[in-house]
Amino acid sequence: MTSCYFAYGSNMNPARMRARGLEFVSAEAATLPSFRLVFNKQSHCKPTVAYANIQPCCKSHVEGVLYTLKNVNDLSLMDHFEGTPVRYSRERFIVQAQSGPRTTWIYIANPAFINSNLLPESTYLDHLLAGRDFLSAQYLSMLATQESVLAEPLLGERGLLRNA
């Protein structure tokens, strides 16, 4: 049995998904209407750093990658990496994919971990930019110009598994 997951943050990097042991049978561009991308989820490892989150915004949309996971049980692996149910909650939404409207799981930061006075690290943004094959030129430009904190990359498998 398969399940869909919409990535709008660092999991837009397909290599990160694979390194985390998440098998997917397909990946396609998708948008979440009436939301916007923000960087306000406070890191639990580095409290001065922000991760991606989404907020309702009627005149906007969030671009990302819709993964069809090979096994519905892979969501429990994803929960581990997303800190669910403590740091993020996993909720169902409808996204507009190339193949049409799809119901999918999306992670949203829990209010206790929101801090709008933080910036993402440059290495974290690199994972978002790795989803370039699924994003519009305008959205890529927005991500590339996002203010960030310069950070030294974690090399190899460790850099794909963790943000810090």
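Student: How do α3 and α4 sit relative to each other?
Tutor: Keep in mind that this is a predicted model. The axes of α3 and α4 come within 10 Å and cross at roughly 170 degrees. That angle is over 145 degrees, so α3 is roughly antiparallel to α4.

Student: Which residues meet between α3 and α4?
Tutor: From α3 you have Leu125, Leu128 and Leu129, and they meet Leu140, Leu143 and Ala144 in α4.

Student: Staying with α4, which of its residues are buried?
Tutor: In α4, which covers residues 137-144, Tyr139, Leu140 and Leu143 are buried. Looking down the axis of α4, those buried residues fall within an arc of 100 degrees, so they line one face of the helix.

Student: Why would residues three or four places apart point the same way?
Tutor: An α-helix has 3.6 residues a turn, so positions with that spacing point the same way.

Student: And which residues are on the other side of α4?
Tutor: There you find Ala137, Gln138 and Ala144, which are exposed.

Student: What covers the buried residues of α4?
Tutor: The cover includes α3 (122-129), plus the strands β2 (24-42) and β3 (50-69).

Student: OK, switching to strands. How many bridges join β2 to β3?
Tutor: There are 16 bridges between β2 and β3, and the two strands run antiparallel.

Student: New topic: charges. How many salt bridges does the structure hold?
Tutor: It holds 5 salt bridges. One of them pairs lysine 70 with glutamate 23, the closest N and O atoms being 3.5 Å apart. Lysine 70 is in the loop between β3 and α2 (74-82), and glutamate 23 is in the loop between α1 (14-19) and β2, so the pair ties together parts 47 residues apart in sequence.

Student: How accessible are lysine 70 and glutamate 23?
Tutor: Lysine 70 has 48% relative accessibility and counts as partly exposed. Glutamate 23 is at 45%, which also makes it partly exposed.

Student: Which residue does glutamate 28 meet in a salt bridge?
Tutor: Glutamate 28 meets arginine 102, at 3.1 Å from N to O. Since glutamate 28 lies in strand β2 and arginine 102 in strand β5 (residues 100-109), the pair ties together parts 74 residues apart in sequence.

Student: Is glutamate 28 buried or exposed?
Tutor: Glutamate 28 counts as buried, because its relative accessibility is 12% and the cut-off for buried is under 20%. Arginine 102 is partly exposed, with a relative accessible area of 23%.

Student: What about lysine 46, what does its side chain meet?
Tutor: Its partner is glutamate 121, in a salt bridge with an N to O distance of 2.9 Å. This pair links distant parts of the chain, 75 residues apart: lysine 46 is in the loop between β2 and β3, glutamate 121 in the loop between β5 and α3.

Student: And where do lysine 46 and glutamate 121 come out on accessibility?
Tutor: Lysine 46 is partly exposed at 31% relative accessibility, while glutamate 121 is buried at 8%.

Notes
Residues are numbered from 1 along each chain as its sequence is written. This is a predicted model: local features need pLDDT of at least 70, side-chain atom pairs count only at pLDDT 80 or more; totals for chains, interfaces and linings use all residues. Side-chain values use heavy atoms; hydrogens and water are left out. Buried means under 20% relative accessible area, exposed over 50%, partly exposed in between (1.4 Å probe, protein chains only). Helices (H or I, at least four residues) and strands (E, at least two) are DSSP runs, numbered from the N terminus. The arc is that of the directions from the helix axis to the C-beta atoms. Contact means heavy atoms within 4.5 Å. Two strands pair if DSSP finds at least two bridges between them. A salt bridge is a side-chain nitrogen of Lys or Arg within 4 Å of a carboxyl oxygen of Asp or Glu. Axes are lines fitted to C-alpha atoms, for helices over the stretch in contact, and angles run from 0 to 180 degrees between N-to-C directions. Angles under 35 degrees count as roughly parallel, over 145 as roughly antiparallel, 65 to 115 as roughly perpendicular and the rest as oblique.
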